[in-house]
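The following exercises are to be worked through with the sequence and the model at hand. Each task is followed by a solution in steps.

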Number of protein chains: 2
Amino acid sequence: MSEQTTDEVDSQDLRASDGRVPGRRGLATRQKMLDATGALLDTVAYRDLKVVDIAREAGTSPATFYQYFPDVESAMLAMAADLGDSWYADLSKLITNRDWEGDPDGSAHRVADGMLEFWTRHKPVLRVLDLASMEGDLRFREIRTNLLAGATEALMDLAAERNIPGDPMASAGVVVGMLAHVANHQHGLERWGVSHEVLVDTVAGIIRRTILGVT
Amino acid sequence: MSEQTTDEVDSQDLRASDGRVPGRRGLATRQKMLDATGALLDTVAYRDLKVVDIAREAGTSPATFYQYFPDVESAMLAMAADLGDSWYADLSKLITNRDWEGDPDGSAHRVADGMLEFWTRHKPVLRVLDLASMEGDLRFREIRTNLLAGATEALMDLAAERNIPGDPMASAGVVVGMLAHVANHQHGLERWGVSHEVLVDTVAGIIRRTILGVT
DNA sequence: CCCCGTTCCTGACGGAGCATCAGATACCTC
DNA sequence: GAGGTATCTGATGCTCCGTCAGGAACGGGG
């Protein structure tokens, strides 16, 4: 185990509030905080997420929370960043690992299903990421951009190859956004009588027509 | 003291915290609170929106705020409801008042442009409405459903008339969602080099292909 | 014009959560 | 098992919350 030369941005200087570099135990506690935050977000509105509650959920004290995060918002930022790190590549592969030539329809379905699945699984974090991005917070916005960059670029390449009418970048961006939105508001659409399967079909159809140019 | 039988939902029992029915001056103050809330939301994150600040912005005291709203969330709810009341019909007309037969492309553009304009104008309220809906708050969810119902139904009818492949309801719902999302994240797409015009073109294209079945 | 009831506003307060620090505790190394 | 470092927490001052009781503004009748 060589000296942690943290040149990479990934393991950026992760410091406790007093400037120390956290060790194994500290990092575990930090992670416990993030887990607790995530768990609470399943049931509590972001606006009502309090430091006291996170600390209690994590089985520790509020003061400990402040050792690792200056505020709740920063904990959310860390969660979002982790999500980006661990999923950026997978989202990209979800699109590139497809036989678009041989089975365009099935491929579109897989992409639609995979993206919806991803958003649904991480909904609590992603909706906060979305809100903060909309509100103009640049740190969240960058994480969001990076998280979606892989998928967007893959779709863009696909669209560019096909010489579809219209701007490939715009098409890819809009499609990715649509997927995010649909996943987030799936409940609402289902309440209008739209089943999950029909939804995937519809979204896949839009992907097909917008990105592949197939009618 | 007769039991106020407020049958209508419109003039629902709008009460001050002590049970009075507010008069002209009271309603003006209430509105001033809502305006102040809206103004603050342009610059302050929803999570950091405090009663004290709203009161200060409205040139009054925190106690006054509590005369008209039990909490900040309820003020947001009122703003969203007002938005729904005043725009429901217009959003619907934005779609029905079009010559879809004679000029499908222009019509799709108008709809795309109009929706984006609407969302951009009311972005601060709408993004909170979106978040609260996602978080499962039924009151916000209902307002959102109603607000979008007009537009969604109009698009659905259009899709149904055309006998497009796929489910008209799902198509309409997804398209409306896409419009909302694109408006909210316009900045992000523009940062990727996508101009507003190209964006409108792209969205209009998706509307055309998804709802009208025109390639 | 003043009176008086109603409507509306606010100063003041106890309570809850925030954010900080100094000191206590757990862990590791030798 | 002693000493040093990493980690945690009780205690604290402070901001904001949410609720009164009482004061100010309005408006209709004399």
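What percentage of the 215 residues of chain A count as buried?

Solution. The model is a predicted one, in which local features need pLDDT of at least 70 and side-chain atom pairs count only at pLDDT 80 or more, while totals for chains, interfaces and linings use all residues. Residues are numbered from 1 along each chain as its sequence is written, chains are lettered from A and ligands numbered from 1 in the order in which they are written, and side-chain values use heavy atoms, with hydrogens and water left out. With buried taken as under 20% relative accessible area (1.4 Å probe, protein chains only), the share for chain A is 52% of its 215 residues.

Exercise 1. Describe the secondary structure of chain A and the box that its C-alpha atoms fill.

Solution. Counting DSSP runs, with helices as H or I of at least four residues and strands as E of at least two, one finds ten helices and zero strands in chain A. Read from the N terminus, the order is therefore α-α-α-α-α-α-α-α-α-α. Along the principal axes, the C-alpha atoms of chain A fill a box of roughly 60 × 45 × 30 Å.

Exercise 2. Determine which rotation superposes chain A on chain B.

Solution. With contact meaning heavy atoms within 4.5 Å, 100% of the contact residues of chain A recur in chain B, and the same surface serves both copies.

Definitions and conventions. Least-squares fit on C-alpha atoms with pLDDT ≥ 70 in both. Buried < 20%, exposed > 50% of the residue type's maximum accessible area, 1.4 Å probe, protein only.
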